[in-house]
Each structure stands twice: as structure tokens, then as C-alpha cells.
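Here is a short briefing for a reader who is new to this structure. Please look over the sequence and the model before reading on.

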Amino acid sequence: MRAVAVAVLNLSGLGLGYALARKWVLTVLCWAATAVLLFVALPADPDGVPGLALVLYALFLAAAAAHGARVGLRTRLAWPPQAPLALGLGLVLLAVPAGGFVLYDDARDEAVEQMLLDRLADADALVASAGKGSFTAGKSEYREALRIYEDLSDDHSGSRAAAKVPGRLRAYYESVGAPYAQDDYCAAIAPLTYLRTVPDTLDGTDLGDLESWPDDRLATSLYECAADGLTTGQATWTSQFGELLTGFPGSEQAAKVEPAVAAAVTRTQKELRGSDPCSAVERLNTLGSQIDGLPTEGADTADALGKQADRATGSADSGTYTCGVDQYRDGDFEAAQTTMKKYVADHKSAKNAALAKKIVIAAEIAETVPAAGKKLPTTRSGGSIEVTVQNDSPDAVTVMYTGPVTGSFSLKGCGSCKAYPLLSTTVRGFEPCSDSGKNYPQRTISLPPGTTYFLHKPQGDSTASPASDTAKLQSGYIYTECAYTTTSGLSGL
């Protein structure tokens with residue numbers, strides 16, 4: 001019984017069996033082994049005591065117990081004198097390592113809690129850091145913080161840190177969505193869109209009202225940013241309105257899209273009466289195409305937007321005339337011709353079609369004689385002065401004129417006529433269209449008094465250049481215009 005008592009006393013790790021048997025060196029050895037274990041184990045770590053240390057210490061205690069039993073067989077105890085009492089004391093002292101294990105386990109649990117709270121604090125710090133800059137710059141930190149919150153919530157659901165995650169998530173949402181609170185609607189779109197994906201990431205977490213927290217804010221941001229872009233001419237408004245109409249088709253914000261688009265069309269229509277109608281035409285055409293391309297949910301919305309697209313395109317179409325007039329007045333005669341030709345082709349029966357044709361003629365003459373383009377032509381016709389135009393050229397010519405009246409006509413080529421050598425036209429007495437033996441193609445028109453600008457333009461494949469003439473017509477006279485072709489007389493020309 002004394003051997004068993006010494007063995008049991010040594011199992012406490014304090015070497016008391018050796019101490020009662022007065023084996024002091026062995027007692028100190030037990031103390032040293034226990035001290036080493038305490039040094040390794042304390043303070044409590046979330047990972048616990050290393051397994052090797054526990055195995056070695058268990059082997060040491062088993063050896064101390066076995067050796068203590070052998071010592072107890074040969075050595076009387078210094079105290080207590082009776083072996084049963086010593087055995088009872090040993091059994092009581094076994095509560096020391098058992099209690100130590102319980103206390104250590106509690107300390108380890110607390111260490112785990114502290115570790116989790118530290119991780120929670122790390123996530124909070126990431127959110128705070130990300131919130132100091134733009135969402136794009138801080139997106140990786142936001143994602144890492146969310147990963148930590150998810151881990152705490154899913155893998156450590158009973159911890160104190162997990163209990164704080166819902167509150168932290170609200171702060172997380174507010175940090176990510178901060179641009180919306182600052183009325184920076186365009187910057188708010190990306191972070192609010194991201195927040196709508198958070199419930200999928202935290203699939204096992206009850207987010208409560210946070211799940212729908214970004215929806216109304218995102219719809220408002222899409223509308224406000226798109227409406228501003230529509231006013232300032234930013235091209236991104238179409239994608240933002242499109243996302244609003246398809247993502248939130250029944251929202252209050254989606255209902256405001258058609259009125260905003262209608263107002264933009266009206267504003268641009270008014271610009272047709274401004275200083276740059278051509279730019280307004282271009283914007284109306286672009287606006288019509290953009291509105292027509294908006295994705296929609298629901299026939300009513302599609303019909304309403306379709307009407308606005310037609311209104312924009314129709315206004316651009318009719319505004320082409322205003323653009324051509326503006327180009328003519330600005331002296332851009334080539335552009336005015338192109339614009340008015342398109343207008344006439346598209347609006348043959350329009351009330352301005354006749355004047356548009358006159359502007360095309362005047363603009364072409366003004367390209368050669370700029371003075372002809374100082375005034376906008378009118379639809380006036382006829383006059384009291386006869387002007388006969390003859391063609392002494394082998395080329396068919398188009399004769400255009402502008403001034404008090406504007407018009408054009410064609411004369412076929414003179415079959416028996418040839419080009420005049422250039423030098424012969426400089427000789428005194430040169431007079432084309434004067435050969436009585438030739439039947440010159442001709443036409444007589446009536447013009448009012450005043451300055452009329454003529455342009456003779458060869459037709460077909462002729463390489464001859466147009467010629468111009470400025471005639472100051474006075475009543476009481478009969479005038480003749482003669483078209484003829486000159487050549488340098490050099491071989492090959």
C-alpha cells in the first residue's frame with residue numbers, strides 16, 4: 001500500500017511521493033519537469049499545448065509513478081506514518097492536475113475568443129482603411145473583411161466575435177455605400193451593385209433588412225447619374241437607364257425615365273433655333289438612336305420611349321433644313337450643298353424643299369464666287385430683263401445663276417464648235433458665239449435688275465473647269481451670256 005501511495009502521490013506532478021520518501025533530487029526533478037510543461041503551456045494558446053510535450057510529460061509521470069512505487073517498497077515515509085492515509089492524500093492531490101486541466105481548458109477557450117475578437121478587429125480595420133479612399137481602390141480590403149465576417153459567422157457561430165458580426169455588417173454596408181450618403185450618385189453605383197452580391201456570399205447569415213438595403217439606393221443612383229449624364233451629354237446614361245429599367249422595372253425611379261428623356265428631346269429641339277443648329281441635329285439623331293436602344297420591361301414603357309425616339313429623329317430630320325441655312329450663312333458652301341441635297345431628297349413635298357434647291361444652286365456658285373453667297377436666295381422667279389445664254393462649247397453645260405432670283409438650266413453641246421486656243425481669247429476683238437453659220441444651243445431667261453452671278457459648269461466627263469461671270473443688269477438692256485471652252489494649245493492638254 002505504501003508503494004501505491006508513493007506512485008499515486010507522484011502522479012500529481014509535484015513529486016510528493018519522492019518528498020515523503022525523502023528523495024529530494026528526484027523531487028526537484030519532478031518539479032523541473034512540471035515547470036517545463038507550465039512554461040510551454042502558459043499563457044494559454046488557442047492551439048493548446050504541443051502534443052509532443054504532453055506525450056513526453058505523460059511518459060515522465062508514468063515513469064515517476066512506477067519508480068515511486070519501487071521506492072515505496074523499500075523506504076518508510078517521513079509523513080504520514082500510515083500508508084492508507086498517504087494513499088488517501090495522493091488520491092486527493094490527483095485533483096490538482098485534473099483541476100489544472102479544466103482551468104487550462106477554460107483559459108484556452110478564452111484565448112480562442114480573444115483570437116476571434118482580434119480577427120474581428122482586423123476586419124474592422126480593413127473596412128475603415130477601405131473607406132478612406134474610392135471603392136475601386138478599397139475593393140480588395142472590403143472583400144477580405146467580408147471573408148473574415150463570413151468565417152466568424154459560419155465557423156465560429158457561438159463565439160462572442162460572431163455575435164458582433166451583424167452590427168459590424170451594418171457598419172460595413174454604410175462604409176461601402178458612403179458615396180450615396182454624400183449624394184455622389186455616379187460613384188455610388190459600383191459599390192451599391194457590389195452590396196447586392198453580399199447576401200450570396202453570406203448565404204448562411206440572416207442579414208435582415210440589410211439584404212434589401214442597397215436596392216432603393218441603387219435605383220436612385222442609377223436614375224440621378226443617368227439624368228445628369230443625359231443633361232450634360234455623357235454617353236453612359238444609356239447603360240444606367242437600361243440597368244434601371246431592367247433591374248428595377250416597377251420602381252418609382254424607373255417611372256421617371258420617360259419624362260427625363262422627353263425633357264432632353266425638348267431641350268435639344270430648342271437648340272435648333274440657337275447658334276449651332278447643325279450640332280443640335282447631330283445630337284437629336286444620336287439621342288433618337290440611344291433612346292431606341294434602351295432595354296425595357298413592359299410594353300407601355302417601350303411604347304412611351306419609342307415615341308420619344310421618333311420625336312427626336314423626326315426633329316433632327318426636319319432640322320436638317322435649318323442646319324443647311326446656317327452652314328450657308330457661315331460660308332461653308334460645300335457642307336450646305338450636301339445638307340440641302342439630303343433634305344430635298346428626304347422631303348420632296350416639304351414647304352422648304354423649293355428654297356432648299358435654290359440654296360444648293362447658290363452655294364455651288366458661291367464656292368467659285370464667294371460674293372454670291374452673301375445673301376440667302378429666295379424663291380422669287382422671273383423679271384423684266386432678258387438674258388440669252390448661248391453655248392459655243394463642244395461640252396454640254398449647266399448654267400446656274402443667283403442674285404435677285406436663283407435657278408439653273410442645261411444647254412447641250414455645240415456639235416460644230418471647238419475649244420478656242422487660250423492665246424486667241426486675249427486678242428482684241430475676240431468674240432465667241434458670233435459665227436452666223438453656227439446654230440448655237442441657247443436659252444433666254446428673264447431676270448430682275450441687280451447683280452446676278454452666273455456659273456457655267458461642264459457636264460459629263462469633261463475635264464474643263466467651271467467659269468463664272470458677274471453681271472450687273474439694268475432695265476432697258478438686252479444681255480447675252482456666252483459659254484465657250486479654251487485650251488492651252490499645248491500637246492496633250
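Two strands pair if DSSP finds at least two bridges between them. Strands (E, at least two residues) and helices (H or I, at least four) are DSSP runs, numbered from the N terminus. This is a predicted model, where local features need pLDDT of at least 70, side-chain atom pairs count only at pLDDT 80 or more, and totals for chains, interfaces and linings use all residues. Residues are numbered from 1 along each chain as its sequence is written, and side-chain values use heavy atoms, leaving out hydrogens and water.

**The sheet**
- Three strands form an open sheet in the order β5-β1-β8, with mixed pairing.
- β5 (442–447) and β8 (479–484) stand at the edges with a single partner strand each, so one side of each has no neighbour in the sheet.
- On average, neighbouring strands of this sheet are turned by 20 degrees against each other, direction ignored.
- β1 (residues 385–392) pairs with β8 in the parallel sense, over six bridges.
- Thr388 stands opposite Thr480 in β8.

**The helix pair**
- Helix α10 (residues 185–195) packs against helix α12 (residues 213–232) at about 150 degrees, with the axes 8 Å apart.
- Axes are lines fitted to C-alpha atoms, for helices over the stretch in contact, and angles run from 0 to 180 degrees between N-to-C directions.
- α10 and α12 are therefore roughly antiparallel (angles over 145 degrees).
- In the contact (heavy atoms within 4.5 Å), α10 residues including Tyr185, Ile189 and Leu192 meet α12 residues including Trp213, Arg217 and Leu222.

Methods: Angles under 35 degrees count as roughly parallel, over 145 as roughly antiparallel, 65 to 115 as roughly perpendicular and the rest as oblique.
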